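Hi,

Here is the structure I promised to pass on to you.

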Amino acid sequence: MAKDLPGFARLDSGMPVPAVNLRPAIESTRGEWERRLEEMLSSGQFVLGNQVRSFESELAEAFSAREAVGVGNGTDAIQLCLREAGLTERRHEVITSALTASFSAAGVVAAGCSVRFADVLPDTLQMDPADAAGRVHAGTAALMPVHLYGQPCEIGRFAKLARASRLALVQDACQAHGARFQGRPFTEFSSRVAYSFYPTKNLGCLGDGGAVVTGSAAAARRLRELRDGGRRGGQVSYTRGINSRLDEMHACYLRAFLPKLAEWNEDRRRTAAFYDEALRDCPGLRPVKRTADSVCHLYVVRAERRDRLREFLAARGIGSGVHYPVPLHLHPAFRDCGLKRGDLPHAERASKEIISLPLWPYLPESAAHEVACRVHEFYRS
Ligand SMILES: Cc1ncc(COP(=O)(O)O)c(C=O)c1O
C-alpha cells in the first residue's frame, strides 16, 4: 500500500481511525482529476458535455453493460428506473428491503409509487427472496432488491420471481460498484440498475451523483429524456421528466476514480479479510455472511452491547457506523406501508445489533489491527 499519501501519518501512529477517510484515494488520483477539470474549464460546458458522455461510456464498459446514464444522485437513479418502467402511480407497489438506506424507499415514493417492505435473510441481511415472494399480490408492480454492503443479493432468484409474476425488476446497486453475481454483470438480470456516487461509496464523486446502468439501448434513450425534463436535446418536453443530470465537474472526478475501482475494491477485500481473521474468536461478535463476490462497501458484524461498544471505540478515537439503526417499516415517513413492530423480525433484530467498522481504500493494516485490538479489549472488560 502507498503509505506516503497524505492521511497516513496520523493513522500509522495508531489513532485516530475514522469510519471513512477519502483523502488518500482523492490524493492518489490528483493528476488525473486536475487534468479533467482543466479540460472542462476550457470547454466552457458544465452540464451534459464531453466529461459526462465519456464517463458514461467508460462506466458502461467497466460494468460490462451496454449503456450508462449519469443522473443527479442514487435516489433519482431509482426514481428514473421506475418512471422508465412506466411506474408512477400510488397503485403501483414496489417491494424493497426493510434494511437499507431510507433513500431506497425515497426513490420509490418520488416516482409516485407505494413502497412495501420485505424481511432480510438472517445470515447475510440481504432481502429474502421467499419473504418477498410471499408479499407479492395484485397491486405489486416491481421488485427492488438491494445489493447491501457491497454484497450481491440473490438476484437470480429475484429475476425468476419477477418473470413468473410479471413484475419490473429494479436493482438498487448503490453500494455495490464493480460487483457481479457469480461472475455475471447485474444488467444480465434486469435492464435497470441504479448506482449512487455519494462520496463514501466504492465509486464516489465529491458531492452528489448517480447513474443508471442498462443493457437496453431503448431504456437508455428514455432515461436520457426523463433526466432532462423530458427533452430530446431541444426546448420541447416530450414526456414528464425531471431535472436530474450528472454534473460535468463530478464526471471529471469519476473518470479519474473509475480506473482505480478494481484496485480499491481489492484493498477493501483485504481489510475485510483481515478483520475476519482478527475478530474470528471474539466473544460478543457474530459475522454477517459475505461471499467472494462482495466488493466490501461496508464491514458489518453483529455485536452484543452494540451501542456501548461504539461509545468505547469512539472514546479511543475509532469511528464506526450503523447501517441501519431503524428498519424502514418503522420510520414515521413510511408509516403507511401497512407493517408494525414485530412484522419483520430479522431486520428488526439486526438493526439493534449491527455495527460497521472502519473500512476504506488505503486503510493501513496497523489501523485495522488497532480497531480489532480495541474490540477485543471491550469484550474482555
Ligand atoms: C442502498 C442505497 N440506496 C440508495 C441510496 C441513495 O443514493 P444517493 O444518496 O446518491 O441519493 C443510497 C445512498 O445513500 C444507498 O446506500
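Below is what I found, from the whole chain down to single residues.

First, the ground rules. This is a predicted model, in which local features need pLDDT of at least 70 and side-chain atom pairs count only at pLDDT 80 or more, while totals for chains, interfaces and linings use all residues. Residue numbers start from 1 along each chain, following the sequence as written.

**Overall fold**

The chain has 14 helices and 10 strands; these are DSSP runs numbered from the N terminus, with helices being H or I of at least four residues and strands E of at least two. Its radius of gyration is 21 Å, close to the 21 Å that the globule rule gives for 381 residues, so the chain is as compact as a globular protein of that length. (That radius is taken over C-alpha atoms, and the rule is 2.2 Å times the number of residues to the power 0.38.) Along the principal axes, the C-alpha atoms fill a box of roughly 65 × 55 × 35 Å.

Of the 381 residues, 50% are buried. Here buried means 20 or more other C-beta atoms within 10 Å of the residue's own, exposed means 12 or fewer, and partly exposed is in between, with C-beta atoms placed from the backbone. Among contacts with a separation of 6 or more, 70% are between residues 24 or more positions apart; a contact needs C-beta atoms, placed from the backbone, within 7 Å.

**Two domains**

Domain 1 takes in 8-20 + 260-380, and domain 2 covers 30-259, with bounds from an automatic or database domain assignment. Their C-alpha centres lie 25 Å apart. Where they meet, 31 residues of domain 1 are in contact with 35 residues of domain 2. On the domain 1 side, α11 (261-279) and α13 (345-353) are the elements that give two or more residues, and α13 has the largest share with 5 residues. That side divides into 19 nonpolar, 8 polar and 4 charged residues. In this count Ala, Val, Leu, Ile, Met, Phe, Trp, Tyr, Cys and Pro are nonpolar, Asp, Glu, Lys and Arg are charged, and the others, Gly among them, are polar.

**Around the ligand**

The ligand is surrounded by 15 residues, the closest being Gly74, Thr75, Phe103, Cys174 and Ser196; a residue is near if its C-beta atom, placed from the backbone, lies within 6 Å. Helices α5 (74-84) and α6 (102-110) are the elements that each give two or more residues to this shell. By class, the shell holds 5 nonpolar, 8 polar and 2 charged residues.

Ile155, Phe158, Leu161 and Ala162 are buried in α8 (residues 155-165). They cover an arc of only 120° around the axis, which puts them on the same side of α8; the arc is that of the directions from the helix axis to the C-beta atoms. Their cover includes α7 (129-135), β4 (140-144) and β5 (168-172). Exposed Arg163 and Ala164 sit on the face turned away from the buried side. Just after α8, Arg166 takes a positive phi of about 55°. Arg166 counts as exposed, with 8 C-beta neighbours inside 10 Å.

Tyr362 is buried, with 23 other C-beta atoms within 10 Å. Finally, a cis peptide bond joins His323 and Tyr324, with omega about 25°. Tyr324 lies in the loop between α12 (306-315) and α13.

Best wishes

Note on methods. Contact = placed C-beta atoms within 7 Å.
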